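Thanks for asking me to look this one over. Here are my notes, as numbered points you can follow alongside the model.

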Amino acid sequence: MASLEAAAENERILREIESTDSNCIGPTLRSVYDGQEHGHFMEKLEGRIRNHDRDIEKMCNFHYQGFVDSITELLKVRGEAQKLKSQVTDTNSKLQDAGKELVNSMEELKQCRLQQRNIAATVDKLSLCLPVLEMYNKLQEQMQARRHYPALKTLEQLELIYLPRASQYRFCKIMSENIPKLRSEIKDLSMSDLKDFLESIRKHSEKIGETAMKQAQQQRSLDSIVSNQQRAGSARRARKEAGLGTELEGDSSSPMSEQDSGILDVEDEEDEEVLGAQDLVDFSPVYRCLHIYTVLGARDTFENYYRKQRRKQARLVLQPHSNMHETLEGYRKYFNQIVGFFVVEDHILHTTQGLVNRAYVDELWDLALSKTIAALRTHSSYCTDPNLVLDLKNLIVLFADTLQGFGFPVNQLFDMLLEIRDQYSEILLKKWTVVFRQILDQDNYSPIPVVSEEVYRKTAGQFPFQDPELEKLPFPKKFPFSEFVPKVYSQLKEFIYACLKFSEDLHLSSTEIDDMIRKSTNLLLARTLSNCLQNVIKRRNVGLTELVQIIINTTHLEQSCRYLEEFITNITNVPPETVQATKLYGTSTFKDARHTAEEEIYTNLNQKIDQFLQLADYDWMAAQGSCEPSDYLSDLIAFLYSTFTVFTHLPGKVAQTACMSACKHLSTSLLQLLLESEVKQISMGALQQFNIDVKECERFARSGPVPGFQGDTLLLAFIDLRQLLDLFIQWDWSTYLADYGRPTCKYLRVNPNTALALLEKMKDTSRKNNMFAQFRKNERDKQKLIDTVVKQLRSLINAHH
């Protein structure tokens, strides 16, 4: 069985070898080598080879004749092939000769086609490179034209769009490497433009501020026209109701009838359109630079740099010139620069997104407010011209209104103006001190003569004086007051106008303006005018006539205070019965001046009396007096008569007081003559002469030099002197000593000390004159009597002491 299986396996392998492709026979042979029957297989294989060889031999024997025939034909074909080869060779040579020109043409065509392909490739490459070059050229032109923001856009397109398409070229690589440098150059150039812009706005700040303030002034002028029309209508109604039309019409030349200082007025012909900040300054550099830095991712750097530089410029702008206070133009330039600075910042704030913010602008404004207010306080303190202060106030108001129009808070400026208002009031007071002094120094202190109705009306228009009796008198006639009364009254009104002008446009209520005017006017009356009047009254060379006229003048000025009250009410529209209304101190001011003048009259009159008494030349040792009063006393009495004649225009009490004061002073001074320490001895004859002079004084008192005294009231001024003289002349010592201390005593006004002093002088005289007659009995008795009276007087004095 095993031999049969091996024979079958060998047969199968042989069939596979015969039927299988030679390339795939490997596995079949592998199975033979793997088997164990190699010899048996080789026998089978050889037997199969012999069988195939027998089959091939049989087939060859069958086709041999056909093979011989084929070889014979093949030999024939070889001859023909040789012929054909020679023919083909000839034909080929002929063809080669004929195709040389074609080959040359084909070579030329090949070269042309190659050039065409190269040209097409070049065109394709150039189509990629030319836009790059064009964009780069455009970039260079934009940078040369300083169009930095478009240049940055071009550079961005070049980098992102065009260069990537031609990145394989070396010049594009060079361009790519230069892009950061170009970007940095654009950044630097835009920063340079920003610096130029900052320099430009620094130079143009003053012009920008001037323009902005002109616009604000034009708006204020329009508002002022409407307001003045309304105010004028109400003022006319108020004057008509108060009946003071004549008084106010007489002051048509006052400051209220004129415009404020012309330095701030808008000219009528200035109708051209006022340019804004954007018309005066090109803001495009800052916009471009902002966009460039934003695109480059350096916006924070740009914002910080811009704000830092503007802060530096703000500090420079806020630094005033040292001589700014000398002229209004200095203040104007200072304000123009500040306004220009903040107008630019406001424009930048509203036209850029975040370059500056409100907090930054407010910080700068707070700095500007503090610096500006400090500078104004310092420089305004040097100013002594009220017109300059008023113009400065108008300029500050315009400055504040301008910036308020741009949204900046300006309350601190108006608060500072209230401080300047106090300074302005002080300057006005100093100015009016000079004015009042000039008026008082130039016055002739005599009633104003009136020669015509026109002069009368003119004076009555300047000062509210009404006297029906004076109006009835024919011309020429005189006002009771001198010229300084209407002049002072007019100047009081001018001062009120000046105060009112400062309070305009300060956004104050009518009550506040009225209170301010009244307080300033009170200062003018109670301090300035009062001091001027006091100085005039107390100066050395003032005479009694001048003092009398001053009293008359102050009386009329005191009566005019109610008209000043009404005048202030009319211009402020605040009724005087308002609870908070301040009352004028004019009445007390003029009363005080009048009282000082009265005291000065009394003092002056007493000094004149003293001057006459210095001329007294009594012979204190005279044996007998004359029958006539002394010459000096006659002159003194004549002087008193003429003086009291001038007092007829004075109030009755003043004239009476002056007369009583003069008589008392005369009586006291005469008594002092008797008691002077230099007068050692007085004779009875001298005392009789002295008695005659006292009688002359009493005659003057009885004559009534000043009306209004009841009975012999004026004689009481000489009662002390009269009783003393009567006691000595009548030698009525017994009565004096007996009745002393009783209310009904005849010599009640005689002081024992005075009597003793005078008696001592007469005792010494008696001793010296009678040194040789002391042996006479009557003289000795008289001397003893004098000694006895002296002892009794001393006892009386000691007892009452």
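**Notes on the model**

1. Let me start with Gln319, which sits in the loop between helix 9 (299-317) and helix 10 (328-351); helices (H or I, at least four residues) and strands (E, at least two) are DSSP runs, numbered from the N terminus. Gln319 is exposed, at 57% relative accessible area; buried means under 20%, exposed over 50%, and partly exposed in between, with a 1.4 Å probe and protein chains only. Ala375 lies 56 residues from Gln319 in sequence, yet their C-alpha atoms are 8.1 Å apart.

2. A word on what you are viewing: this is a predicted model, in which local features need pLDDT of at least 70 and side-chain atom pairs count only at pLDDT 80 or more, while totals for chains, interfaces and linings use all residues. Residues are numbered from 1 along each chain as its sequence is written, and side-chain values use heavy atoms, leaving out hydrogens and water.

3. On confidence, pLDDT is the predictor's confidence in each residue, from 0 to 100. Its mean for the protein is 80, with 88% of the residues reaching 70 or more. Among the elements, the highest mean, 88, belongs to helix 16 (residues 484-503), and the lowest, 35, to helix 6 (residues 245-249). Over residues 238-272 the pLDDT is below 50, and this stretch has 48 contacts in the model beyond near neighbours in sequence; contact means heavy atoms within 4.5 Å. Residues 770-775 also stay under 50, with four contacts beyond four places in sequence.

4. For the overall picture, the protein has 27 helices and two strands. Of its 801 residues, 42% count as buried. Contacts between residues 24 or more positions apart make up 80% of those with a separation of 6 or more. The accessible surface is about 45,000 Å², and carbon and sulfur atoms hold 51% of that; these areas come from the Shrake-Rupley method with a 1.4 Å probe, and for residues only the protein chains shown count as cover.

5. Leu74 belongs to helix 3 (residues 38-144) and is exposed, at 54% relative accessible area.

6. Phe475 and Pro476 are joined by a cis peptide bond, with omega about -5°; Pro476 is in the loop between helix 15 (468-472) and strand 2 (477-478). Tyr445, not a glycine, has a positive phi of about 50°; this residue is in the loop between helix 13 (411-442) and strand 1 (449-450) and is buried at 5% relative accessibility. Trp731, again not a glycine, has a positive phi of about 50°; its place is the loop between helix 24 (719-730) and helix 25 (733-739), and it is partly exposed at 22%.

7. Helix 23 (residues 684-702) has 19 residues and spans 26 Å from first C-alpha to last, close to the 27 Å expected at 1.5 Å a residue; that expectation is 1.5 Å times one less than the number of residues. Gly704, with a positive phi near 65°, follows helix 23. Within this helix, Glu696 and Arg699 are three residues apart, about one turn, and form a salt bridge with their closest N and O atoms 2.2 Å apart. Glu696 is buried at 15%, whereas Arg699 is partly exposed at 41%.

8. The structure holds 24 salt bridges in total, each a side-chain nitrogen of Lys or Arg within 4 Å of a carboxyl oxygen of Asp or Glu. Arg794 pairs with Glu760, with the closest N and O atoms 2.4 Å apart. This pair links distant parts of the chain, 34 residues apart: Arg794 in helix 27 (residues 777-800) and Glu760 in helix 26 (residues 752-769). Glu11, Arg15 and Arg48 are linked in a network of salt bridges.
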